[in-house]
Amino acid sequence: MQPIISVSDVSKTYASGHVALRTVNLDIRDGEIFALLGPNGAGKTTLISIVCGIVNPSAGRISVAGLDIARDYRAVRAMIGLVPQELSTEMFETVWATVSFSRGLFGKPRDPALIEKVLRDLSLWDKKDSRIMALSGGMKRRVLIAKALAHEPRILFLDEPTAGVDVELRKDMWNIVRRLRDDGVTVILTTHYIEEAEEMADRIGVIAKGELIVVQEKRELMRKLGKKQLVLELQKPLDAVPDVLSKHALELAPGGTSLTFTYDTQAERTGITALLADMREAGIGFKDLATSQSSLEDIFVDLVRQSR
């Protein structure tokens with residue numbers, strides 16, 4: 001199946017000499033939720049801006065639904081909705097007027113029924129006659145999403161969509177994004193909230209210093225790169241890890257009440273059997289044990305650290 005977005009060898013160097021992107025290659029599948037993670041200054045917003053036609057690449061090619069973004073700019077832009085980080089909209093306009101105006105910008109005919117549906121889906125219907133300036137930060141962000149959806153795009157870019165939004169509204173927006181995906185909209189989001197990507201994304205890309213360092217199915221990424229920890233609650237506290245156990249790279253908890261063993265889930269042998277045998281031989285007993293899996297945040301931090 002042809003990807004809905006194809007980014008080929010795209011680089012961007014600004015006039016100042018700053019290299020924002022370095023030979024990025026990425027295919028986005030039709031109908032997926034793709035999360036792009038990266039620290040500040042990694043190149044996330046630059047990449048989105050290039051695909052949306054706001055910034056010109058220094059090199060490379062981008063196609064959307066088989067159309068070249070430079071040659072077929074108007075057709076491509078009509079397929080894309082963008083929700084920027086900044087809360088930039090006309091503060092004195094009403095919600096209804098600003099969303100309707102956004103639809104008109106793309107040459108779409110008036111469609112009050114569609115505007116009503118968008119506003120209802122985003123829980124904005126009771127605010128339709130309110131001025132933007134009177135809305136809360138979370139509601140203003142919903143208005144930005146409504147504006148981006150007003151012209152019925154096939155692709156929606158969300159650049160830090162829940163920045164500054166409280167937890168309840170954030171989860172509300174997660175549900176909105178899922179509904180959009182179910183309606184056939186391809187969603188690409190950048191986020192600082194790792195749990196957001198872990199909760200919603202089908203695939204995840206990690207970008208650092210302008211380079212795309214990994215693109216993977218979320219489950220596969222966590223399976224391959226995730227590590228497990230075995231925590232052993234000791235029967236008697238230890239002052240230090242005995243020499244006989246030093247080869248296992250154990251971490252002794254403050255107070256010496258537990259040992260933590262980190263192991264690779266993909267390794268042929270986890271080393272747990274050998275550890276328990278060595279503990280038994282050293283006369284170290286345990287009264288309880290528990291395991292935990294690395295979170296996506298742990299994996300992200302490790303990947304970015306390795307790229308430095």
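Which residues of α5 are buried? I looked these up before anything else. They are G138, M139, K140, R141, R142, V143, L144, I145, A146, K147, A148 and L149. Buried here means under 20% relative accessible area, exposed means over 50%, and partly exposed is in between, with a 1.4 Å probe and protein chains only.

**Ground rules**

I am working from a predicted model, where local features need pLDDT of at least 70, side-chain atom pairs count only at pLDDT 80 or more, and totals for chains, interfaces and linings use all residues. Residues are numbered from 1 along each chain as its sequence is written, and side-chain values use heavy atoms, with hydrogens and water left out.

**Whole chain**

I find 10 helices and 14 strands in the chain. Both are DSSP runs numbered from the N terminus: helices are H or I with at least four residues, strands are E with at least two. Of the 308 residues, 44% are buried. I also checked contacts, meaning heavy atoms within 4.5 Å. Among those with a separation of 6 or more, 69% are between residues 24 or more positions apart.

**Back to α5**

I see 13 residues in α5, reaching 19 Å from first C-alpha to last, close to the 18 Å expected at 1.5 Å a residue. The expected span is 1.5 Å times one less than the number of residues. Since 12 of the 13 residues are buried, α5 is largely enclosed by the rest of the structure. What do those buried residues pack against? I get β6 (80–83), α3 (95–105), α4, β7 and α6.

**Cores**

Next I went to the nonpolar cores. Each is a set of buried Ala, Val, Leu, Ile, Met, Phe, Trp, Tyr and Cys residues joined through side-chain atoms within 4.5 Å. The largest has 40 residues, and V99, L156, L158 and I204 touch the most other members. Helix α5 (residues 137–149) is its top contributor, with 7 residues. A separate core of 27 residues includes V10, I48, I50 and I80.

Ignoring neighbours within four places in sequence, L156 contacts G81, L82, V83, A148, L149, L180, V185, T186, V187 and I188. I204 sits in strand β9 (residues 203–208) and is buried, at 0% relative accessibility. I204 and K218 are 14 residues apart in sequence, yet their C-alphas are 5.8 Å apart in space.

**Helix α6**

Then I turned to α6 (residues 167–182), whose 16 residues span 23 Å from first C-alpha to last, close to the expected 22 Å. Its buried residues are L169, R170, M173, W174, I176, V177 and L180. They lie on the same side of α6 because they cover an arc of only 165° around the axis, taken from the directions from the helix axis to the C-beta atoms. V167, E168 and D182 are exposed on the other side. The buried set packs against β3 (33–37), α4 (112–121), α5, β7 (155–159), β8 (186–190) and α7 (194–200). Just after α6, G184 has a positive phi of about 100°.

**Pocket and cavities**

Both searches run on a 1 Å grid over the protein atoms alone: a cavity is a set of points where a 1.4 Å probe fits but cannot get out, a pocket is an open set with protein on both sides within 12 Å along at least five of seven lines, and lining residues have an atom within 4 Å of a point. Points are joined across faces, edges and corners, and volume is the space filled by probe spheres set on them.

The largest pocket holds about 320 Å³. It has 13 lining residues, and K117, D121, L149, L180 and D183 are the closest to its centre. Which element supplies the largest share of this lining? That is α4, with 4 residues.

Lining the largest are I5, V7, L26, I28, F34, L36, L47, I48, V51, F157 and I188. The elements giving two or more residues are β1, β2, β3 and α1 (44–51), and α1 gives the most, with 3.

Most residues other than glycine have a negative phi. D9, in strand β1 (residues 5–13), has a positive phi of about 50°, and D9 is partly exposed at 44% relative accessible area. T23, in strand β2 (residues 19–28), has a positive phi near 45°, and T23 is partly exposed at 48%.
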